[in-house]
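Please open the structure in your viewer and keep the selection panel at hand.

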Amino acid sequence: MPANGVPTKITQGSGTKGGIGESTLRPDGTLKVTGEFAYSSDMWHEDMLWGQILRSTVAHAEIVSIDTAEALALPGVYAVMTYDDLPTEVKHYGLEIQDTPVLAHGKVRHHGEPVAIVAADHPETARRAAAKIKVEYRELPVITDERSALAPDAVLVHEGRDDHHIGHVAHPNIVHRQPIVRGDAAVAAARADVIVKGEYTFGMQDQAFLGPESGLAVPEEDGGVHLYIATQWLHSDLRQIAPVLGLPERKVRMTLSGVGGAFGGREDLSMQIHACLLALRTGKPVKIVYNRFESFFGHVHRHPAKLYYEHGATRDGKLTHVKCRIVLDGGAYASASPAVVGNASSLSVGPYVVDDVDIEALALYTNNPPCGAMRGFGAVQACFAYEAQMDKVAKELGMDPVEFRQLNAMEQGTVMPTGQPVDSPAPVAELLRRVKAMPLPPERQWESSEGADVRQLPGGLSNTTHGEGVVRGIGYAVGIKNVGFSEGFDDYSTARVRMEVIAGEPVATVHTAMAEVGQGGVTVHAQIARSELGVAQVTIHPADTQVGSAGSTSASRQTYVTGGAVKNACELVRERVLELGRRKFGSYHPAWATAELLLEGGKVVTDGGEVLADLVDVLEGEAVEVEEEWRHRPTEAFDLRTGQGNGHVQYSFAAHRAVVEVDTELGLVKVIELACAQDVGKALNPLSVVGQIQGGTTQGLGVAVMEEIIVDPKTAKVRNPSFTDYLIPTILDTPTIPVDVLELADEHAPYGLRGIGEAPTLSSTPAVLAAIRGATGLELDRTPVRPEHLTGTA
Amino acid sequence: MRVNFTVNGRPQEADDVWEGESLLYVLRERLGLPGSKNACEQGECGSCTVRLDGVPVCSCLVAAGQAEGRDVVTVEGLGDHARQRSCGGSDGVPLDAAKGWAAKAGTDSQAGEGVELAPIQQAFIDAGAVQCGFCTPGLLVASDELLERNPNPSDADIREALSGNLCRCTGYEKIMDAVRLAAARQSEGV
């Protein structure tokens, strides 16, 4: 019998108009508001078992022994597996470097590493069984920062490295290092009238998607397995899962289940292999659902970072040079660290013209939690630091911080530190102008005739102030993010588009493996099909591995790349439909041979608007189907010594203005407004675009004032793995977010669009920090800012 | 143990319930109502919000046994609940009427055509308040309850009422829009 919650095709009906550029509504919206949309944790199967993972209670230790006897003896337990039970020689996985053990072997390298897995008939039984597994650890010293990682006698987090980065790093506890040298920073520094140095600390942020890691693995009759899963990239998962199971990829069928947010946290595998192993071992369907505590251990986080910057400028406000060093803590396993290093280094100067730079970014191996992809991906940490620097330099020069930025703003044609020219619009100065021009929220509302509404003051309903000690501050920031996978990666997508007549109407079906994680890719695919094929009805096929790879729902790339693939496949379908029309009806009208033909309103029309045929008649008895890969312009690797190379596909820009009110006595911050201006190239769906910008802005607000995973520096253990202790912004913490959308087309991209999801996460954080600095006069060189940093009691 | 209670107007009986199971677990895993979500299971995120005898609660923090003999409304019953309210005035729904409600059978994969939504559900779709949608069921139940007791909430009222519901995708702006939209439509009698 089939599993409950298997995704079905969603057809958006003829009542739904709307091609690209319109704010059409989500095809899955009704299912999501009625509770019928099946997320991966909602899957259910007759006779299914529940899987549970036992995780290490220490960060760095040798495993002396594992005793599973008591767990196995518990009634209701069907299987207990450890490293010794893995079926093949492939026992590790990883996005780029396969350094992550499926289950710990001889050693654990971080707090919460999977050691054993259990399947039982009730989730509580599985939890109790896991608790009965006895693991004896012999603890090792922990590597927690650059000093301990690179000490002469440092323990190696990974011995015997043979990955392709080991040849160019100075120490085996460095995952990857990327220098960028352009011009001569030392010579340029001599021209500087002012030089500003700063050291900054960026805390560890969690993606905190609300839908926990989960999935259902169903064993199949051919000895394979069908995995229903929430992920960001089905084919990347498949490539990592199949070898560990000892199965050819065709015997591991994967279907995307409902995904409750991602933000980078689902790029790496979590419970995928574990569920499949247990299903194949027991012959029964196995469901695994993390709870929130486990979720904090079950995915990588945003790299915490130390950033060292030096900026120079002439008296008239021109930047002379930038030197910087960015040290990212990659934690125990590589995950996406090498690519994060590439981003952090290549985007470290920000959206400014600087000819002379000396840049270095690196990621460490430590025993802290593994870090990898999160929205903004290396550019977020850099933006926090370079924007703080820009404010400091402006202050040193006695210039307005916005004017100083505009004076140094890049534009189309500017050459990046990597030597890559920016060959599409880069309206950095204009975005700053727009965000500054927005009206400011009224001041000192608590003095109005209605009196103070404490809900709008710092401290809120805690009723800690009625305005006493409250000071306003305003801050600005702007950032630059790359779009798509960089550094020579073959970043393609695939789309299958079918056109046929169903119940007397022409219907287009779009089938891709794109992970819809909430961003609205499915909405956009339907819009593209309507625009290109002139149909009202579009069916979105569930995403699975029965079609070619769509690449990752990451790097602001899916509308560009899978959107591009859908557009391309639609164009090929249109050609075939017109060919069919010419064969059937070409002899009836000369325009079939001579005119430019379009598909519009269910008809074949000439570019002059003359109707030649009904699509229903053209397609009568035939279906047209095309599956095709699509690629954007290729990129190049960065030179390992100089960092030179055309490494990025496209750049994306956003600017923020933050208005905050700070209770300076208690150190409480209320963000009053967080305005954003962003260039999106072309807004395919304006409603979704604004939603992305507001959501990204809020995640930036979170890491400015509250979000941080606290890792004990002595034990490398995570101290706050819960929503009680790791805070994300509530609706009370979040201000109004006015958005100004600019559309300057990028001629290289489909429809001129620009990837948008990440840029707003960059500049939000430094804008809030700048506003708090403005209110308090404090330096504030770390994020998030907590009350004790504002009251001097840290 | 066996638990008897009313869910979305329909008497329900759950057997073999272990004493430690939450109301959320029984709804999701035993009664086939997975609409209430399991984002934190510690009462911090509100994604499992249901109404227990009319009061919004985190169903993850309610032991299943505590629901014995009581009335539960989940996101699956929101459309019917709103329809009953608009027919029966603001004093809640008579028990006899409530017992006539039934959860929808099966999944309407045709983008919900033919499904009658509560005004707050339609407003969430129209305002773009749904992205990944995992927080949506809890927010809908909480918003619907707010509009039931306060048909014209101020922005500060909305923020206060929804402060127990985390959303990670939207930045809440479009959720504010959705509640304002539902309130406006309600006051216009649309």
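Begin by selecting both chains: 73 residues of chain A are in contact (heavy atoms within 4.5 Å) with 61 residues of chain B. This is a predicted model, in which local features need pLDDT of at least 70 and side-chain atom pairs count only at pLDDT 80 or more, while totals for chains, interfaces and linings use all residues. Residues are numbered from 1 along each chain as its sequence is written, chains are lettered from A and ligands numbered from 1 in the order in which they are written, and side-chain values use heavy atoms, with hydrogens and water left out.

Next, select Glu160(B) and Arg455(A), whose side chains meet in a salt bridge at 2.6 Å, N to O; the term stands for a side-chain nitrogen of Lys or Arg within 4 Å of a carboxyl oxygen of Asp or Glu. Between chain A and chain B the count is six salt bridges.

Now move to the backbone and select Thr783(A) and Pro784(A), which are joined by a cis peptide bond with omega near 0°.

Finish at Tyr172(B), a residue other than glycine whose phi is positive, near 70°, and which counts as buried at 1% relative accessibility. Most residues other than glycine have a negative phi, and most peptide bonds are trans.

Key. Buried < 20%, exposed > 50% of the residue type's maximum accessible area, 1.4 Å probe, protein only.
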